[in-house]
Amino acid sequence: MDIRSVAVIGGGTMGSGIAAACATADRDVILLDASQELAEKALGRVTAQAKDDAERARFRKRITIGSIDSDLPRLAQCDWICEAVIEDLAIKRDILAHVEKVRRDGSIVSTNTSGIPLRAI
């Protein structure tokens, strides 16, 4: 599958890094966080990772932001949806349940976790 569009849910350290890597690979990215304000801060973390002005411009071109509450339906247009929210099992399960309702058939859904066993999620 050729992944052309990516959604990253959660704009912390890991989520912003994933969004930056995808934009660097010339993929369109939707970066969602709990609120528009947090999404804007996440975009700031992404652009702070840019090595130069050209990469900052690429990030601005490739990454759009939004909030989980308002913009989750936009995930229907994404090839890959990467959940990267806080390490809390209940929150991850809730997010993934909502993702399942809006994602399109054939899209890839993954989670980013360092301590929660995947079988628990």
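I began with Asp-2, which forms a salt bridge with Arg-4, the closest N and O atoms being 3.9 Å apart. I count a salt bridge when a side-chain nitrogen of Lys or Arg is within 4 Å of a carboxyl oxygen of Asp or Glu. Arg-4 is partly exposed, at 39% relative accessible area. My scale calls a residue buried under 20%, exposed over 50% and partly exposed in between (1.4 Å probe, protein chains only).

The model is predicted: local features need pLDDT of at least 70, side-chain atom pairs count only at pLDDT 80 or more, and totals for chains, interfaces and linings use all residues. Residues are numbered from 1 along each chain as its sequence is written, and side-chain values use heavy atoms, with hydrogens and water left out.

I searched the whole structure and found 11 salt bridges. One of them joins Asp-53 to Arg-56, at 2.6 Å from N to O. The two sit three residues apart in helix H3 (residues 53-62), so about one helical turn separates them. I take helices (H or I, at least four residues) and strands (E, at least two) as DSSP runs, numbered from the N terminus. Asp-53 is exposed at 58%; Arg-56 is partly exposed at 27%.

I then looked up Asp-71 and Arg-74, whose side chains meet in a salt bridge at 3.9 Å, N to O. Is Asp-71 buried or exposed? Asp-71 is buried, at 17%. Arg-74 is partly exposed, at 25%. I also noted a network of salt bridges linking Asp-26, Asp-28, Arg-58 and Arg-62.

**Cores**

I looked next for nonpolar cores (sets of buried Ala, Val, Leu, Ile, Met, Phe, Trp, Tyr and Cys joined through side-chain atoms within 4.5 Å). The largest has 18 residues, and Val-8, Ala-19, Val-29, Leu-31, Val-46, Phe-59 and Ile-63 touch the most other members. Strand E1 (5-9), H1, strand E2 (28-33), helix H2 (36-48) and strand E3 (63-67) each supply at least two of its residues. H1 gives the largest share, five residues. A second, separate core has 12 residues, including Ile-68, Leu-72, Ile-81 and Ile-95.

Last, I checked the largest pocket, which holds about 240 Å³ of space. A pocket is an open set of points on a 1 Å grid over the protein atoms alone, where a 1.4 Å probe fits, with protein on both sides within 12 Å along at least five of seven lines; lining residues have an atom within 4 Å of a point. Of its 17 lining residues, Gly-10, Gly-12, Ala-84, Val-85 and Ile-86 are the closest to the centre. Helix H1 (residues 13-24) gives the most to the lining, three residues.

Definitions and conventions. Points joined across faces, edges and corners; volume = space filled by probe spheres on them.
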